[in-house]
Amino acid sequence: MAECKSKSVRGAAKSDRAKEKGAKHHVSDSNGTPDGDAATPQELSSLEEAFRKFAILGDTRAMGRDMNGKNWSKLCKDCNITDGRNVTITDVDIMFSKVKPKSFRTINFDQFKDALQELAQKRFKGKNEEEAIEELHKLIEGNSPVISGVTKSVLSPALTRLTDTSKFTGSHKERFDQSGRGRGKAGREYLVHDTGYVVGYKHAGTYDQKVKGAKQN
């Protein structure tokens, strides 16, 4: 009797192990999905892509899941949600505080959509709710933060005078040629020239021409 019970227990254990092995094999064949379908990455909508682009602005560690108040205001400005009449900067700030959870400083994508839903009625008056939301989404989809241009440097008169090589005197003048380019070692050290002329002589190299001209005459 005891032997029969032990055989039945061992048989049940083997059956359980076989089922478990078959389940693991099924999962591995289906790339980790129970139904056998290959797992595909979830595509982001154009609205969520724009949300993430503005959410990571100014923060290299941001993942794009949450947006702070500063980037929210910039999104509304860059995407022309604020028009100065129906929707103002104050309206944008109030809406951010309204959808933001207490003790939090950022909003997620769902809270972002809630804010847009309420702003849509103010921005597009005269349209029904669905049309207003659709129009507001079109203003945002496909957009990225507008980066302001780099400020051009303006040379002051004093700096211009100090960097004008044509006005240099003494040893500083010798370090640059007439075009303002540096002469390198020749401008820093005294180099001996075996030409027979004194350094700086204006008519250097004309001796042979004068001698030949005198002989011909």
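I started with asparagine 80, which I found in the loop between α3 (69–78) and α4 (89–99); helices here are DSSP runs of H or I with at least four residues, strands are runs of E with at least two, and both are numbered from the N terminus. I noted that this is a predicted model, in which local features need pLDDT of at least 70 and side-chain atom pairs count only at pLDDT 80 or more, while totals for chains, interfaces and linings use all residues. Residues are numbered from 1 along each chain as its sequence is written, and side-chain values use heavy atoms, with hydrogens and water left out.

I then looked up the backbone of asparagine 80, which follows α3 and has a positive phi of about 60° although it is not a glycine.

Serine 103 was my next stop, in the loop between α4 and β2 (106–107).

Going back to α3, I listed Asn71, Trp72, Ser73, Leu75, Cys76 and Asp78 as its buried residues. I found that their cover includes α2 (46–55), β1 (67–68), α4, β2, α5 (109–123) and α6 (129–140).

Last, I checked the N-terminal end of α3, which asparagine 68 caps with a side-chain oxygen 3.3 Å from the backbone nitrogen of lysine 70.

Notes. Buried means under 20% relative accessible area, exposed over 50%, partly exposed in between (1.4 Å probe, protein chains only). Contact means heavy atoms within 4.5 Å. A polar contact is a pair of N or O atoms within 3.5 Å; within protein, one must be able to donate a hydrogen and the other to accept it, and residues adjacent in sequence count only if both atoms are side-chain atoms.
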